[in-house]
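Please look over the sequence and the model shown below before reading on.

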Amino acid sequence: MDHFQYRNDELFAEDVAVSDIAQKHGTPAYVYSRATLERHWHAFDDAVGEHPHLICYAVKANSNLGVLSVLAKLGSGFDIVSGGELARVVEAGGDPGKVVFSGVAKTSEEIAYALKLGILCFNVESESELYRINDVAGNMGLSAPISLRINPDVDAQTHPYISTGLKANKFGIPWERAVDCYTLAASLPNLTVKGMDCHIGSQLTSIAPFVDALDRLLDLVALLRQHGITLSHLDVGGGLGVTYEKETPPHPREYAAALAKRMGEHQDLTLILEPGRAIAANAGILVTQVEFIKAGDDKHFAIVDAAMNDLLRPALYSAWQNIIPLRPRNDEPQALYDVVGPVCETGDFIGKDRELAIRPGDLLAVRSAGAYGFTMASNYNSRCRPPEIMVDGKQVLLVREREKQKDLWKGEHKVT
Ligand SMILES: Cc1ncc(COP(=O)(O)O)c(C=O)c1O
Ligand SMILES: N[C@@H](CCCC[NH3+])C(=O)O
């Protein structure tokens with residue numbers, strides 16, 4: 001259940017008719033629900049129960065300052081992958097002391113910035129990175145808190161582009177190398193070994209791979225203890241999937257409870273979770289208008305004003321996201337449409353073979369667009385990125401203005 005529901009044949013976001021938002025702010029536009037974001041965050045936090053834990057929302061899913069500030073107010077931690085994401089967290093009022101920093105190639109500048117702000121931990125992905133963080137911390141006269149991201153070689157059974165926990169993926173330190181790497185980390189003078197982490201992939205629809213990975217990590221924790229290395233936290237990453245079409249992922253409650261149960265004997269280890277999609281995806285929609293209808297012998301096209309630059313997932317992963325009318329009509333027959341955008345690529349589609357009853361000028365909502373929607377948007381075809389709007393009960397807050405053409409060439413220079 002989310003807060004985008006029909007009332008009297010009109011799609012509402014919380015207590016606001018989405019068509020009113022479209023009229024005021026134009027289309028395409030992203031619309032988020034504060035209540036849904038909060039409910040999803042609490043679902044994770046409550047489910048872990050009494051075990052010491054921290055929910056570190058994965059900023060890459062949706063890094064809008066409005067979204068981050070809502071989560072910061074709940075006391076959320078954050079998983080970041082760049083200095084830019086850290087700056088956003090701080091600007092939104094997030095606590096740097098609850099930030100974990102993932103990513104395979106953090107720059108020295110990013111490391112120094114994070115050390116200055118006093119983040120909770122660097123999730124380190126290679127030996128070379130250990131040396132780099134040790135050097136930067138040494139130059140600053142500080143000790144850097146680190147965890148090692150272990151690649152547990154577990155198949156997440158998801159799209160190959162978003163699977164990260166297999167040997168074949170670029171992420172993390174191989175399980176077999178872990179003890180040597182921890183020994184190295186413990187020997188470096190400017191590092192403090194804090195924890196262990198993993199992240200096996202995104203849009204997972206069953207619990208088993210998460211539990212397999214956690215078990216492998218717990219074995220390693222025990223092995224490290226024999227080598228005199230004790231950890232204070234275990235971070236199992238993010239990756240819980242959502243329902244886009246027919247998937248039936250476990251509820252966050254089931255997922256978090258399964259992990260917390262495994263942690264039962266390890267009260268000394270704080271459990272960290274890094275959910276992104278499961279918090280943000282179904283807290284957002286992309287609203288778009290039908291510009292033209294092109295009827296063909298083989299196919300009908302609904303040409304809409306949103307394109308692959310606004311929502312890349314269908315083009316990049318052949319991802320399926322539901323497309324629904326803001327005001328369903330019964331004065332038009334249903335037909336099968338490819339819903340396509342104005343960008344000059346055949347791959348520019350939002351949905352294929354969709355049964356819709358529509359006319360030009362009608363408004364549609366692309367569902368589950370709150371995660372990896374705006375954050376993956378671009379200016380391809382010199383298109384301005386859409387505005388982002390947050391609904392909070394009856395309130396409509398513009399949390400990012402529509403980009404303006406003249407801002408697109410800011411910083412560029414003509415040659416005379
Ligand atoms: C290290 C890390 N943590 C957390 C996430 C969030 O994943 P998801 O949005 O699938 O929960 C990702 C993205 O897959 C990630 O790479
Ligand atoms: N961008 C992906 C998720 C990537 C997860 C990042 N590690 C998606 O839209 O499904």
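The centres of domain 1 and domain 2, taken over C-alpha atoms, are separated by 32 Å. These two domains divide the chain, with domain 1 covering 4-32 + 281-408 and domain 2 covering 34-278, and their bounds come from an automatic or database domain assignment. This is a predicted model, in which local features need pLDDT of at least 70 and side-chain atom pairs count only at pLDDT 80 or more, while totals for chains, interfaces and linings use all residues. Residues are numbered from 1 along each chain as its sequence is written, and chains are lettered from A and ligands numbered from 1 in the order in which they are written.

Where the two domains meet, the contact takes 22 residues from domain 1 and 20 residues from domain 2, two residues being in contact if their C-beta atoms, placed from the backbone, lie within 7 Å. On the side of domain 1 that touches domain 2, strand 20 and strand 21 (395-400) each supply at least two residues, and strand 20 gives the most, with four residues. Helices (H or I, at least four residues) and strands (E, at least two) are DSSP runs, numbered from the N terminus. The residues on this side of domain 1 divide into 13 nonpolar, five polar and four charged, where Ala, Val, Leu, Ile, Met, Phe, Trp, Tyr, Cys and Pro count as nonpolar, Asp, Glu, Lys and Arg as charged, and the others, Gly among them, as polar.

Which residues surround ligand 2? They are Lys60, Ile162, Ser202, Gln203, Arg313, Tyr372 and Met376, a residue being near a molecule if its C-beta atom, placed from the backbone, lies within 6 Å of it. By class, this shell has three nonpolar, two polar and two charged residues, and it draws at least three residues from each of domain 1 and domain 2.

Turning to the backbone, most residues other than glycine have a negative phi, and most peptide bonds are trans. The peptide bond from Thr27 to Pro28, however, is cis, with omega near -5°, and Pro28 has its place in the loop between helix 1 (18-25) and strand 4 (29-33). Glu14, in the loop between strand 2 (11-13) and strand 3 (16-17), has a positive phi near 50°. Glu14 counts as buried (20 or more other C-beta atoms within 10 Å of its own), because it has 20 C-beta neighbours inside 10 Å. Asn381 also has a positive phi, near 65°, and its place is in the loop between strand 19 (363-366) and strand 20 (388-392). With 14 C-beta neighbours inside 10 Å, Asn381 counts as partly exposed, a class that lies between buried and exposed (12 or fewer).
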